[in-house]
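User: I have a model open and would like to go through a few of its local features. May I show it to you?
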Amino acid sequence: MNQDQMKQAVAQAALDYVAPRIEDDTVLGIGTGSTANFFIDGLAEYRGRINVTVASSEASAERLRQHGIPVVDLNSVDRVDYYVDGADESNAALQLIKGGGAALTREKIVAATAKEFICIADESKLVHTLGNFPLPVEVIPMARSYVARELVKLGADPVYREDVVTDNGNIILDLHNFAIPQPLATEKAINAIVGVVTNGLFADRPADLLLLATPSGVKSLKAE
Ligand code: 5RP
């Protein structure tokens, strides 16, 4: 099984999990990235039964609309029932690094409103200690140099992601050479820097369920 086949398999497992739970007023939160795209494409089969979705990026909203699936503004709903999204890394506590696709802030907002966050990934994303994948940080453009200097003080090597502007009009700094043994403390410390919008650590709000594709099938993991 190649990586795309694993992404497709885990997206299908998420559909199998969510589809029987969909009711008329169910609000589905939809993530961003190549694994989430497989989920969106599979969702098309259920379009008549899905009345409300919210998307974590303009790209995902556009893809949903192309399939004829209704997308609303998050402000027009009072909750998200199920949020399905990929990740760049997960540890055994289902704390995540996200933001490889620069959608971390909207992803974090949708995750915060979600009753159940279902993360979909292939087994290469499961790690012992977060941080091999460079942690993305969304930053207000005028604060870029100041925030970078503050991040160096925390021990990271911030690298400006060239030619990327987020859906919110901001820039991304990716933190290299930055192992994260204490995700909750690190998430809070980075978010406390003035000029940071948010960082891609999902430790305060981890996933509730991790569906993990392996060559021998999809595993279901709950937080240890
Ligand atoms: C986008 C994300 C994605 O969920 C993450 O980058 C994983 O992407 P993919 O499914 O393409 O591997 O956080 O901001």
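User: What covers the buried residues of α3?
Analyst: The cover includes β1 (27-30), α2 (34-43) and β2 (52-55), where buried means under 20% relative accessible area, exposed over 50% and partly exposed in between (1.4 Å probe, protein chains only). Helices (H or I, at least four residues) and strands (E, at least two) are DSSP runs, numbered from the N terminus. This is a predicted model: local features need pLDDT of at least 70, side-chain atom pairs count only at pLDDT 80 or more, and totals for chains, interfaces and linings use all residues. Residues are numbered from 1 along each chain as its sequence is written, and side-chain values use heavy atoms, leaving out hydrogens and water.
User: Which are the buried residues of helix α3?
Analyst: In α3 (residues 58-66), Ser60, Ala61 and Leu64 are buried. They lie on the same side of α3 because they cover an arc of only 100° around the axis, taken from the directions from the helix axis to the C-beta atoms.
User: And which exposed residues does the face turned away carry?
Analyst: That face of α3 carries Ala59 and Gln66.
User: Changing topic, is Ala102 buried or exposed?
Analyst: Ala102 counts as buried because its relative accessibility is 11%. Ala102 sits in the loop between β5 (96-97) and α4 (104-113), and has a positive phi near 70° although it is a residue other than glycine.
User: How many residues apart in sequence are Val165 and Ala102?
Analyst: They are 63 residues apart in sequence and 8.1 Å apart in space, C-alpha to C-alpha. Val165 belongs to the loop between β8 (157-160) and β9 (171-176) and, at 61% relative accessibility, counts as exposed.

Definitions and conventions:
Contact = heavy atoms within 4.5 Å.
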